[in-house]
Amino acid sequence: MEKIAENRCFGGRQLRYQHRSAVLDCDMTFSVYLPPQAAQGKVPVLYWLSGLTCTDENFVTKAGAQRYAAEHGIAVVAPDTSPRGGDVPDDPQGAWDFGLGAGFYVNATEDPWAKHYHMYDYVVSELPSLVADACPVDASRTAISGHSMGGHGAFTIALKNPGRFRSVSAFSPICSPLACPWGEKALGNYLGDDRDAWAAHDSCALMRTAEEKLPALVDQGDADNFLQEQLKPQLLAQAASSAGYPLELRMQPGYDHSYFFIASFIGDHIAFHAAHL
Ligand SMILES: N[C@@H](CCC(=O)N[C@@H](CSC=O)C(=O)NCC(=O)O)C(=O)O
């Protein structure tokens with residue numbers, strides 16, 4: 001693994017690494033913010049999963065998270081959103097909602113996607129091991145968050161890995177890929193036609209049977225143009241209510257789907273995770 005960038009930021013360091021991924025069979029890049037406290041010893045860590053079309057850099061350059069991560073002494077890891085490289089297949093029509101930049105945090109089982117598209121294993125296994133080797137983080141104090149497709153990733157990964165995370169949050173998450181066009185396209189292609197296989201990556205389905213109940217926060221803008229057709233937070237609220245899951249869903253008036261929304265509330269999310277780390 002090679003460090004390819006380092007910038008001083010709020011007394012800490014914003015780092016970027018490149019490495020060969022065995023799980024994805026391609027070269028990958030990820031970013032880590034280390035707060036000033038990391039100079040003295042291990043710090044808790046927040047994994048951030050980005051949305052469709054993003055690389056590791058969107059969150060790092062647009063969310064303004066470093067100020068709050070420095071305040072609370074939390075490292076923040078931001079991976080890319082899909083495998084990358086010339087031999088990684090993309091959407092045949094070049095659409096932005098599938099393929100490159102749209103790995104959906106699952107392990108594809110269908111060709112031609114199955115060779116590289118294993119973002120679930122990458123985020124759950126390979127990446128934490130690389131981070132632990134390179135950075136002073138305390139893996140026993142880990143939280144996860146994300147935006148849109150990354151909110152789906154954060155919730156499904158937290159729900160599928162009890163004991164691993166202390167808290168989970170999301171901005172504008174895709175709440176049920178079983179029930180929206182983005183999810184149907186991605187999971188249909190990556191996992192095939194069997195919708196039972198999709199349910200293993202659906203936050204609502206997973207929440208209904210969850211044994212571990214993590215502190216959970218969701219922010220959703222009510223002026224988000226993807227709200228009705230793709231995101232459907234009411235489905236997550238219903239699943240949480242029927243399962244007795246402690247989800248706080250905050251509808252934020254006038255906010256859209258952009259990083260301006262994330263930047264407005266990322267401080268709340270980092271404080272929320274800090275309280276549980
Ligand atoms: N290019 C698209 C818009 C795509 C978009 O809005 N992507 C979001 C995530 S959407 C769900 O996963 C995003 O985070 N974009 C990156 C950014 O920096 O804003 C279009 O043309 O509509």
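Visitor: Where does His257 lie?
Guide: Welcome! This is a predicted model. In it, His257 sits in the loop that joins β9 (247-252) to α10 (259-276).

Visitor: Is His257 buried or exposed?
Guide: The idea is to count neighbours: a residue is buried if 20 or more other C-beta atoms lie within 10 Å of its own. His257 has 21 C-beta neighbours inside 10 Å, so His257 counts as buried.

Visitor: Which residues is His257 in contact with, leaving aside its neighbours within four places in sequence?
Guide: Here the contacts are Ser148, Ser172, Gly221, Asp224, Asn225 and Phe226.

Visitor: At which residues does UniProt place the feature "active site"?
Guide: The unreviewed UniProt entry gives that feature to Ser148, Asp224 and His257. They are spread over 110 residues of sequence, yet they cluster in space, with a largest C-alpha distance of 10.9 Å.

Visitor: Where is the place of Asp224?
Guide: Asp224 is found in a loop as well, between β8 (216-221) and α8 (227-231). Not counting residues up to four places away in sequence, Asp224 touches Ser172, Leu231, Asp256 and His257.

Visitor: How many residues surround the ligand?
Guide: The ligand is surrounded by 13 residues, and the closest are Gly51, Leu52, Asn58, Ser148 and Met149. One of these, Ser148, also carries the "active site" feature in the UniProt record.

Visitor: How do the residues of the shell around the ligand divide into nonpolar, polar and charged?
Guide: That shell holds five nonpolar residues, seven polar ones and one charged.

Conventions:
Residues are numbered from 1 along each chain as its sequence is written. This is a predicted model: local features need pLDDT of at least 70, side-chain atom pairs count only at pLDDT 80 or more; totals for chains, interfaces and linings use all residues. UniProt positions are given in the numbering used here, feature names are shortened, and annotations may be inferred rather than shown by experiment. Helices (H or I, at least four residues) and strands (E, at least two) are DSSP runs, numbered from the N terminus. Two residues are in contact if their C-beta atoms, placed from the backbone, lie within 7 Å. A residue is buried if 20 or more other C-beta atoms lie within 10 Å of its own, exposed if 12 or fewer, and partly exposed in between; C-beta atoms are placed from the backbone. A residue is near a molecule or strand if its C-beta atom, placed from the backbone, lies within 6 Å of it. Ala, Val, Leu, Ile, Met, Phe, Trp, Tyr, Cys and Pro count as nonpolar, Asp, Glu, Lys and Arg as charged, and the others, Gly among them, as polar.
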